[in-house]
Amino acid sequence: MKNNKAHNDTLLSVNNLKTFFYTRKGMVKAVDNASFRVGRGEFVCLIGESGSGKSVSALSIMGLIDTTPGIVNGEIVFEGKNVLDGLKHVCTVTENRTSIDIVKNVAAWKRKHSSNLEGVRGRQIGMIFQDPVSSLNPLFTVAEHIGESAGLLHGKLTRKQKFEIATDWLQRVRISSPKDVARAYPFQLSGGMAQRVMIATALAAEPKLLIADEPTTALDASVQLEILKLLKTIQEEMDLSILFITHDISIGSNFSDSIAVMYAGRVVESGYTESIFGRDNNHPYTDGLLHAAMKVTTSADDKKFIKGSPPDSVRRPSGCTFHPRCEMKHELEDGGERCEREEPYEIIVNGNHYIRCWKYEPGH
Ligand SMILES: Nc1ncnc2c1ncn2[C@@H]1O[C@H](COP(=O)(O)OP(=O)(O)O)[C@@H](O)[C@H]1O
Ligand SMILES: [Mg+2]
């Protein structure tokens, strides 16, 4: 699992991404300065509680954010090319403490973004979602779904070719009666089967990266594990990169090469899985997730349990957004004053493993 092929070159890097939504309550800072990377052939887990900005990060990469202002800052570099290139001149956002003035020609911005993503979205980067049945079009058969995606790779295909490619892919996702399933409509599929069909559909375009947004959350526990194992096998067979989004850190420990932990719109810790699990101390939030997953109940570890709830996405705390819930800040010399004031930068603790917590600043 924790193989060294992960120590390789970068396929996708998301740098200082900010994706905001203007709502009646104020500006929702769904993703607020998040950075993470996916190496070639790597299985990366993006982990965090509900509402931490995982899905919005994925949708930003795919260019599927429809609400304003949407992506307001950062870089999304895929295969060495920033897909947000040339967008700054049509998207100017000036930010002060209380408000954001949006000077953005939305239609022009979207056109340019879509043109930057041509040949990338759906083709080089595929995505699967939590609810497979509703992600499939009820009017199309399984073969038509897979065939359409294969068309992005092969160009125009006949019905017969689509059917053949579909049955081939259904076999690769270990469906035992591929011809019957190829003729089926989405409503005829069980949840687990529909997720396999979604995976086959995304992979038929032979992407380099598959983004899987909680693809097993809606499934029974036994089916969850089967789907995870399938993804892991296919990833190795195709030398595919996977960005696997989950709230379950145990999936990260068992399946991933790298982990990025997201909290309140930010990646607070990121690195190779062995580096993250090889430490006694991580980001206080990661520690909390690990301890909850391991169900450590000794009183000595009480500090490592996360108390309270995540902050409102409109009113993010100042400084480190985790500080109101952090039990460790009092151990710093200033009693955690700086944590309340200043946002920690990415402090490298080992290789490319970083932790955004003042506790790890060299000299402490
Ligand atoms: N289109 C939208 N408009 C307004 N707020 C949104 C929108 N999409 C997501 N959000 C908010 O952004 C935050 C992050 O959401 P999301 O990325 O879906 O979290 P996660 O996937 O980690 O559970 C949440 O507070 C959510 O309510
Ligand atoms: Mg989500």
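This is a predicted model: local features need pLDDT of at least 70, side-chain atom pairs count only at pLDDT 80 or more; totals for chains, interfaces and linings use all residues.
Residues are numbered from 1 along each chain as its sequence is written, and chains are lettered from A and ligands numbered from 1 in the order in which they are written.

Helices (H or I, at least four residues) and strands (E, at least two) are DSSP runs, numbered from the N terminus. In a regular strand the side chains alternate between the two faces of the sheet. In E9, Leu-209, Ile-211 and Asp-213 point one way, Leu-210 and Ala-212 the other.

Strand E8 (residues 125–128) runs parallel to E9 and is joined to it by 4 bridges, with Ile-128 opposite Ala-212. Strand E10 (residues 241–246) is also parallel to E9, through 5 bridges, and Ser-241 of E10 is the bridge partner of Leu-209.

Burial also marks helix H7 (residues 191–203): 11 of its 13 residues are buried, so the helix is largely enclosed by the rest of the structure. Among them are Met-193, Arg-196 and Leu-203. H7 reaches 18 Å from its first C-alpha to its last, close to the 18 Å expected (1.5 Å times one less than the number of residues).

Elsewhere, 4 strands form an open antiparallel sheet in the order E2-E1-E4-E5. Its edge strands, E2 (26–39) and E5 (81–82), each pair on one side only. Strand E1 (residues 10–23) is joined to E2 by 11 bridges, and Phe-21 stands opposite Val-28 in E2.

Now to the ligand. Ligand 1 is surrounded by 14 residues, the closest being Phe-21, Ala-30, Lys-54, Ser-55 and Val-56 (C-beta atom, placed from the backbone, within 6 Å of the molecule). E1, E2 and H1 are the elements that give two or more residues to this shell, and the largest share, 3 residues, comes from H1. The shell divides into 4 nonpolar, 9 polar and 1 charged (Ala, Val, Leu, Ile, Met, Phe, Trp, Tyr, Cys and Pro count as nonpolar, Asp, Glu, Lys and Arg as charged, and the others, Gly among them, as polar).

Note on methods. Two strands pair if DSSP finds at least two bridges between them. A residue is buried if 20 or more other C-beta atoms lie within 10 Å of its own, exposed if 12 or fewer, and partly exposed in between; C-beta atoms are placed from the backbone.
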